[in-house]
Amino acid sequence: MKKTRFTFILLGILLLVPVSALAADTVGSFVAIRGKANIERERTIREAQLKESIFLNDTVSTSAASRAKMLFIDDSVLTLGEQSKAVIKEYVYSRDKGGKSIINLLDGKMRAIVGKTKFEIHTPTAVAAARGTVILCETGIVNGKQVTTFICVEGEFTVTGTYPGSEGSALLKPGMMITIIAGEPFPTTFQAPAGNTEDLLNATNISYELSIPGPAEITLGPGQFVIEQMSILPPASFEPGAIGSTPVTIDIIFPK
Amino acid sequence: MRKQSTSFHAVRKYLFTVFPLLPCLLLIMGVHILHAQNIDPSYERAITKAALKIENNDFEGAAADAQEALRINPHDERAALYLGIALSRSGKKESEEALKKALSINPQNPRSNLELGIYYYNQGIFEGSKGYLETALRIAPNTEIASKAQQYLNSIKTHGSVKPWSLNLSLGGQYDSNVVLNDGDSLPQGISDKADWRAVFTLRAKYNFLRSEKIEGALGYSFYQSLHASLSDFNVTDNLPELTMAFHLAPWITLKGMYAFDHALVGGDAYSYSHIISPSVVFSYWKGLATTVDYKYKKNHYMDTDLFEDNSARTGFNNFLGITETVPVGSYGSIRFGYAYDNENTEEEYWSYSGNRYFLGMQWNLPVRFYLDLYGEYYDKNYKERYPSADRLREDIMKTVSGSLTKVFSDRFSASIGQLYIRNKSSDDIFDYDRAITSLFFTVRF
């Protein structure tokens, strides 16, 4: 009896697993991938494919000389530079009410074109909160310390230091930059050197490579398959009155 | 000393040359950096959405997003290219304008060249396509763009220039409820039914001897043969050679002309022949909306046979004038409707009539390469003289409805089932009949 109950519970769980997987909502898609990008979902890592859906709690990472561009449901566009890693921590969006999204950038470089939600980039040392802006961000370990840099390209956003000893807050306006070093006092913002901005823009630049259909995949135009009218009616037009009374040759007599 | 002086002069000359250039270089760098920093979020979002929608085959959505990107940045090459791609993939002629705009911004973009080549390829304008494909191949050798351009060029060699002909063969079976179009009074004894099964074979061949952007010319030949299960005296053999010409006077107007000779045998005996001349004008408007005006002159000659004793009385000519409106319904299909007037003039006036034809039809593209065609027609005919055996002037109202469903298995093979029903309501009993034909055809194309 116990065995049967256990089997039923196991079957129930097995049935529920794919249902819960299906129930997960898509929060975005990969629109461009250069090199290799991986997606970690439910403790399995595999290579991300173009057009593939992104779900909540997915971790997206890129290899060396690789980049990945993602479009999210609120029209935010994120581009990860090479050897970068980000977690889609929170994504709530409603067309009427807006929403909130949190991207956790663990390592590397990222360009964010913020959409219609209240958008936050979390890094190990700071949080940037924005709406409708363009943010460049880089985080990593330099000389044994976690360092995070934000550059504001368009709009404005607030940066808050979250690392113990680096607490503080600053508003970044277009062209401004801030670098927060773990454990060091919260710094002041300054005009971003052109080289830094350009380096981060280049590091997160990726062109779309739209697929090209081959000649066999083309289904339009004069060379295509043309549906022709069937010859349902015989071409010769009979008129009953033109038929005389001469007997007709009959091959088979239908039985009554 | 002299050597030192020369070196000094050289350095001074270098400094004098370089220093005035420095502010210019700095200015150029500054402009470049400012330009790099100038990222419009709205544009980026629109162009990204357009790219994703193109990949997901949502071409209408992609075109709307690309148009939005182009509105924000009217001289953006990428937005113009994406708009062109989205419109091209959905078969829209406006694609040409968008792709040419992208190409005018950057004539050396291999993708724009390739896409314009693909657009012309889709339109069957192979000569126009070749130039752009060859340019794409030259600009970006050893790339996917070059590989695809080569595929299209190979395809043009196969389908465009080398194969100007087409051949369609259809073989099928039909059940016809009224083969002889008679109510049975004059049928010989022993026939319990006028209905019969028949096998039908049709052949359509076409040779395009002329094809350019402005003019097209083709020779065609059609053959029809029916073989009845029992009513073999009603087997029809029909041969129809034709010559067609089309002149594309402007993108929105095409003049067409056709001459055909139609010869028919019924039961192995010569039954009729006709000369047909038909000029027509096609006005193409926005997104495939078109109006066609057809005129047809048909000179008919009917021969008396043992079976059709008074057939020659129908010899004469027919004038036909019709207008057809074709309305595309997105990528789902099209609706056509129209009106035609025809006037038949025969040796014996009781076969002469004038008729009004009203018709409505639709073609619908269904999933998994199924195509539905529905057609309905109302045709009233007023005869000019009383039929000899009748006591009053003949008036006919013919109503026709038909439908066919075609399944395309490949570009070469398809199968169709069809049903046609005709009800001819005549003031004269002998001409009052109805007819239903059920068909199944298999078609192969070369």
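Chain A has two helices and 17 strands. Helices (H or I, at least four residues) and strands (E, at least two) are DSSP runs, numbered from the N terminus. This is a predicted model, in which local features need pLDDT of at least 70, side-chain atom pairs count only at pLDDT 80 or more, and totals for chains, interfaces and linings use all residues. Residues are numbered from 1 along each chain as its sequence is written, while chains are lettered from A and ligands numbered from 1 in the order in which they are written.

Of the 256 residues in chain A, 36% are buried. Buried means that 20 or more other C-beta atoms, placed from the backbone, lie within 10 Å of the residue's own. Among contacts in chain A with a separation of 6 or more, 45% join residues 24 or more positions apart. A contact needs C-beta atoms, placed from the backbone, within 7 Å.

Now the helices of chain B. Two pairs are listed below; axes are lines fitted to C-alpha atoms over the stretch in contact, with angles from 0 to 180 degrees between N-to-C directions.

| Helix pair | Axes come within | Crossing angle |
|---|---|---|
| α5(B) (residues 95–105) and α6(B) (residues 110–123) | 9 Å | roughly 160 degrees |
| α4(B) (residues 77–89) and α6(B) | 10 Å | roughly 20 degrees |

The crossing angle makes α5(B) roughly antiparallel to α6(B), a term for angles over 145 degrees. The contact draws on α5(B) residues including L99(B) and L103(B), and on α6(B) residues including L116(B) and Y119(B). Its residues divide into five nonpolar, three polar and three charged. Ala, Val, Leu, Ile, Met, Phe, Trp, Tyr, Cys and Pro count as nonpolar, Asp, Glu, Lys and Arg as charged, and the others, Gly among them, as polar.

By contrast of topic, α4(B) and α6(B) are roughly parallel to each other, meaning an angle under 35 degrees. L81(B), G84(B), I85(B) and S88(B) of α4(B) meet α6(B) residues, among them I118(B) and Y119(B).

Strand β10(B) (residues 353–366) runs antiparallel to β11(B) (residues 370–383) over 14 bridges. L366(B) stands opposite F370(B) of β11(B). Three residues lie between the strands of this hairpin, where V368(B) has a positive phi near 45 degrees. On to the next pair: β11(B) and β12(B) (residues 395–408) pair in the antiparallel sense over 13 bridges. There, G376(B) has V401(B) in β12(B) as its bridge partner.

Technical notes
Angles under 35 degrees count as roughly parallel, over 145 as roughly antiparallel, 65 to 115 as roughly perpendicular and the rest as oblique. Two residues are in contact if their C-beta atoms, placed from the backbone, lie within 7 Å. Two strands pair if DSSP finds at least two bridges between them. A residue is buried if 20 or more other C-beta atoms lie within 10 Å of its own, exposed if 12 or fewer, and partly exposed in between; C-beta atoms are placed from the backbone.
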